[in-house]
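Please read the following walk through a structure with the sequence and the coordinates side by side.

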Amino acid sequence: AAKRTLEILVALGSFALQLLVDQRNGTLDRNKRKRAIKLKGIFTRLGPTFVKLGQGLSTRPDLCPPEYLEELAELQDALPTFADADAFSCIETELGMPIESLFSSISPSPIAAASLGQVYKAQLKYSGQTVAVKVQRPGIEEAIGLDFYLIRGLGFFINKYVDIITTDVITLIDEFARRVYQELNYVQEGQNARKFKKLYADKEDILVPDIYWNYTSGKVLTMEWVNGVKLNQQAAIESQGLKVLDLVTTGIQCSLRQLLEYGYFHADPHPGNLLATPEGKLAFLDFGMMSETPEDARSAIIGHVVHMVNRDYEAMARDYYALDFLSTDVDVSPIVPALRDFFDDALNYTVSELNFKTLVDGLGNVLYQYPFNVPAYYALILRSLTVLEGLALYADPNFKVLAASYPYFAKRLLTDPSPYLRDALIELLFKDGRWNRLEDLLIEGRKDRDFSAKDALQPVLKLLLGPDGEELRNLTIKEAVRVTEAIVLGSVADTYNSAPSFIQTLMINGNGNGALAISTADLESTMELRNQVFRIWGLLSSSENFDPALLQPILQTWQSPPVVLTLEVLSSLSTYRTLKKLISKDILSMVRTKGSALQRPVLQQPEGRSLGGRVVGGVTQRLAARLLQQLLRIPTVPTSSSL
């Protein structure tokens, strides 16, 4: 242990000293390539643990200059190989047969060397199938064990003496070490690949190689050979007529599904493990390091991102409870102003400025005074996401990872039935600016290729008509009254404004100020609400697989005699043609047809039967009040500011 500690200190200390000399001599920029080659050599000599560190740095153009990125990227495939005779001997020992009986041909030397083993290209003797054969490095388990022993000792020191770091460093080290030791078991890696393929290879643009189990053991892994180009080789990819940005977007969408849908994710997606195939598919390789996101955390992360985009900092602060970052007995109210100060600026950054390190550092400055603790699995999520961030920077320095991923978050918030996300959606919809937020969610959600308008808002509607939805029904009734009144008043205003001036003076008590007792500001607000509702309806009705039954509770409200009569009268007016275009014939037909088969399931529920009556009562009261106010007004001379 002492010898290894000295080896590490001497290697990294000498490199730091050389950088200091370059800085003092003004040659730091000129010697970048030379120093990058030097650092690559140091990581290579220090072994697998530091190779993995270099692999992580090779995907971070925001941390390393281009020269360092290019040199450290070679750590993915250009590690020193061990003797071929040792590799072939390992294959024969592990599989229990001579090489000649297993493969009709095998490359005499490895085609790639990974941190834990090296890979040969071979052909199976029985089928002629081209395969990749990965063989584990001799003595790798002992080498990694020593490094983790030393790193763990450093973790004890940090936990005991470094007060500024509140996270349990030992827990993080143990989590990472456990994952690395799992990588040493190639049977486990094969099982990981099989599970990953089952969950995510259902998409046509994702490729996961098959495992050949008869040729796999604890130290030998045989899988389908994949022809492809590493995702950070932009020129080679574009020479095949492919677009790097499309592949990166595919990677982001697949990773979001991994992290937040099934919770089973590839925790080591460096460029050497992501290939672009000639067919335009994104191939995932190396399934040794996998992790899982707890189900509660998945919903909390989705809600947290949506709260961040909508700048709802009070909800963001409460999310830290669900994420297990803070104990529930910690008061987070003082954190809200700090979150606002940080994110109001951060949300305007490009991806090169708004990266995960920036977010973590910024939140660290905000939360250092709290008992803030990052769960162990979360470190692997950050590691996975920073790789995607680095690949996005390779493709386009101005590419916004948040913009590419937000459609997925919006879709999940609109369609996911989990109580946490359902409550988050309700809270989002019934705050100020609710229709703006719903419209934004629908616009973004439609960008996700798996978005289904049929499923949109279903969790909320189920709660609305359920026995536990009284609080939501009260909120919905208030909003339904506003919307119905806005549609009726807006249509009346349109009719009034399109009428000749002499007819306007004859309408409603001859009042020249307009057909309605309403201020200009209120009218503008009402018209905007009506237009927003129509736009939202347009977004829903133009979406694939939209089912008009989605709006059953609203349609039931419109089936009441006062509303049906109003709609029938308005629909006969020329100025109502716009409304008829915006609201489909199917909807108007359902409004006119009482007791239609489509509505019966809703009407059979007690909550559904009472909902419409309460809304109609509210609309009737508000319209009656406006009419009475209009009748009591004193007629005046018509003005140009009429409705």
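In which helix is Ile8 found? Ile8 belongs to helix H1, which spans residues 2-25; helices (H or I, at least four residues) and strands (E, at least two) are DSSP runs, numbered from the N terminus. The model is a predicted one, in which local features need pLDDT of at least 70 and side-chain atom pairs count only at pLDDT 80 or more, while totals for chains, interfaces and linings use all residues. Residues are numbered from 1 along each chain as its sequence is written, and side-chain values use heavy atoms, with hydrogens and water left out.

With a relative accessible area of 15%, Ile8 is buried, a term that stands for under 20% relative accessible area, with exposed meaning over 50% and partly exposed the range in between (1.4 Å probe, protein chains only). If residues up to four places away in sequence are not counted, Ile8 touches Gly13, Leu46, Phe50, Asp147 and Leu150, where contact means heavy atoms within 4.5 Å. Ile8 and Phe43, 35 residues apart in sequence, are 9.7 Å apart in space from C-alpha to C-alpha.

A helix pair comes next. Helix H11 (residues 244-262) packs against helix H17 (residues 401-415) at an angle of about 40°, and their axes are 9 Å apart; the axes are lines fitted to C-alpha atoms, for helices over the stretch in contact, and angles run from 0 to 180 degrees between N-to-C directions. That angle makes H11 oblique to H17, because angles under 35 degrees count as roughly parallel, over 145 as roughly antiparallel, 65 to 115 as roughly perpendicular and the rest as oblique. On the H11 side the contact is made by Ile252, Gln253, Leu256, Arg257, Leu260 and Glu261, and on the H17 side by Ala404, Ser405, Tyr408, Phe409 and Arg412. These residues divide into 6 nonpolar, 2 polar and 3 charged, with Ala, Val, Leu, Ile, Met, Phe, Trp, Tyr, Cys and Pro taken as nonpolar, Asp, Glu, Lys and Arg as charged, and the others, Gly among them, as polar.

Phe157 and Tyr161 form a tilted pair, 5.1 Å centre to centre with 45° between the planes, and both lie in helix H7 (residues 140-161), 4 residues apart, about one turn of the helix. Phe157 is partly exposed at 47% relative accessible area, whereas Tyr161, at 53%, counts as exposed. Tyr320 and Phe325 form a stacked pair, 5.9 Å centre to centre with 15° between the planes, and both are buried. One aromatic cluster is formed by Phe196, Tyr200, Tyr262, Phe284 and Phe287.

Just after H13, Asp324 takes a positive phi of about 65°. Asp324 sits in the loop between H13 and helix H14 (335-346) and is exposed, with a relative accessible area of 56%. Asp286, likewise not a glycine, has a positive phi near 60°; Asp286 lies in the loop between strand E10 (282-284) and strand E11 (290-292), and at 14% relative accessibility counts as buried.

Note on methods: Rings of Phe, Tyr and Trp (its six-membered ring) pair if their centres lie within 6.5 Å; planes under 30 degrees apart count as stacked, over 60 as edge-to-face and the rest as tilted.
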